[in-house]
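Work through the exercises below with the sequence and the model at hand. Try each task before reading its solution.

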Amino acid sequence: MGFCFGVRRAVDMVERARQTLSGPVTTLGPIIHSQQVVEHHKSIGIGLCHELAVVQEGTVVLSAHGVSPVVEQQAVTQGLHVINATCPYVAKLHKAAVQQVKLGYSIVLLGDAGHSEVKGTVGAIEHAGGMVNVLSDSDEASNLPFTKHIALLSQTTQKLSTLAQVAAALVPNCQELHVINTICHATDELQSSARIMAQQVEVAIVIGGKNSANTKRLRDICEAEGVPAYHIETSSELSPDWFYDKTRIGITAGASTPDWLIHDVTEAVQQMTGAEVACE
Ligand code: F3S
């Protein structure tokens with residue numbers, strides 16, 4: 001549980017930039033979806049902006065979720081030093097989508113339309129001159145009009161089973177379908193571990209940013225196993241009622257959750273319940 005490879009890499013990149021570079025260091029949007037990490041960064045002098053236009057000078061760090069190539073170009077044009085902390089797996093998704101555009105395929109992207117990874121990917125596809133439909137389930141896929149050549153790709157944090165359902169729903173709507181599994185292995189492992197954990201406990205605590213897509217999905221997975229599952233950001237949200245009459249408690253965390261926050265919640269649960277902790 002906790003920080004995946006891409007998140008740890010992005011956090012290291014921005015913190016190293018702060019330590020080694022002079023001048024302002026600003027992230028464009030939160031570097032990862034964790035309010036606590038953003039607050040820690042603020043305390044060590046890393047700025048946060050939501051619009052590139054407001055950054056006057058220094059270094060701008062692009063988040064782990066990736067951005068449209070247009071945004072990166074704009075930063076360079078503004079004379080900023082750019083550090084691109086896009087997770088390599090997200091970069092791989094952009095590259096695969098652009099390749100399909102070049103082959104003449106219309107893109108269907110399985111993902112959360114409002115998520116920054118999806119916005120960045122849509123930007124990369126449109127920058128390459130491609131067409132893209134973003135959808136979140138197989139019902140939406142069934143409603144798409146017939147298109148001769150479709151390439152189906154996925155936001156890195158989606159569930160494999162949903163990708164398979166969407167692929168099946170697209171088959172009657174096209175002549176040729178390319179399915180490119182761009183779901184990140186880390187996500188897959190995190191989700192399988194959460195599922196196995198949920199099967200063994202009576203209540204599940206899922207720690208992570210309220211705007212973190214992969215954390216929300218972990219909570220859904222735990223709940224689908226039939227246990228009450230609570231999504232929290234910090235230990236202050238824990239309620240003793242959740243643990244009443246329970247003997248086995250599961251704790252997991254999204255890919256943007258720092259280790260210190262996981263320890264803090266684990267300790268608080270221990271104090272509330274007197275439980276022993278077994279880490280797996
Ligand atoms: Fe990258 Fe996968 Fe993490 S896409 S940011 S390693 S969940």
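This is a predicted model: local features need pLDDT of at least 70, side-chain atom pairs count only at pLDDT 80 or more; totals for chains, interfaces and linings use all residues.

**Exercise 1.** Decide whether arginine 8 and aspartate 259 form a salt bridge, and state where each lies in the chain.

Solution. The cut-off for a salt bridge is 4 Å from nitrogen to carboxyl oxygen. The side chains of arginine 8 and aspartate 259 meet at 3.9 Å, N to O, so the pair qualifies. Arginine 8 belongs to helix H1 (residues 5-20) and aspartate 259 to helix H10 (residues 259-273); at 251 residues apart, they link distant parts of the chain. Arginine 8 is partly exposed, with 37% relative accessibility, and aspartate 259 is also partly exposed, at 35%.

**Exercise 2.** Identify the salt-bridge partners of arginine 219.

Solution. One partner is aspartate 220, with 3.4 Å between the closest N and O atoms. Another is glutamate 223, where that distance is 3.1 Å. Arginine 219 and glutamate 223 are both in helix H9 (residues 213-224), four residues apart, or about one turn of the helix. Shared partners therefore join Arg219, Asp220 and Glu223 into one network of salt bridges. Aspartate 220 is partly exposed at 39% relative accessibility, as is glutamate 223 at 41%.

Methods: Residues are numbered from 1 along each chain as its sequence is written. Side-chain values use heavy atoms; hydrogens and water are left out. Helices (H or I, at least four residues) and strands (E, at least two) are DSSP runs, numbered from the N terminus. Buried means under 20% relative accessible area, exposed over 50%, partly exposed in between (1.4 Å probe, protein chains only).
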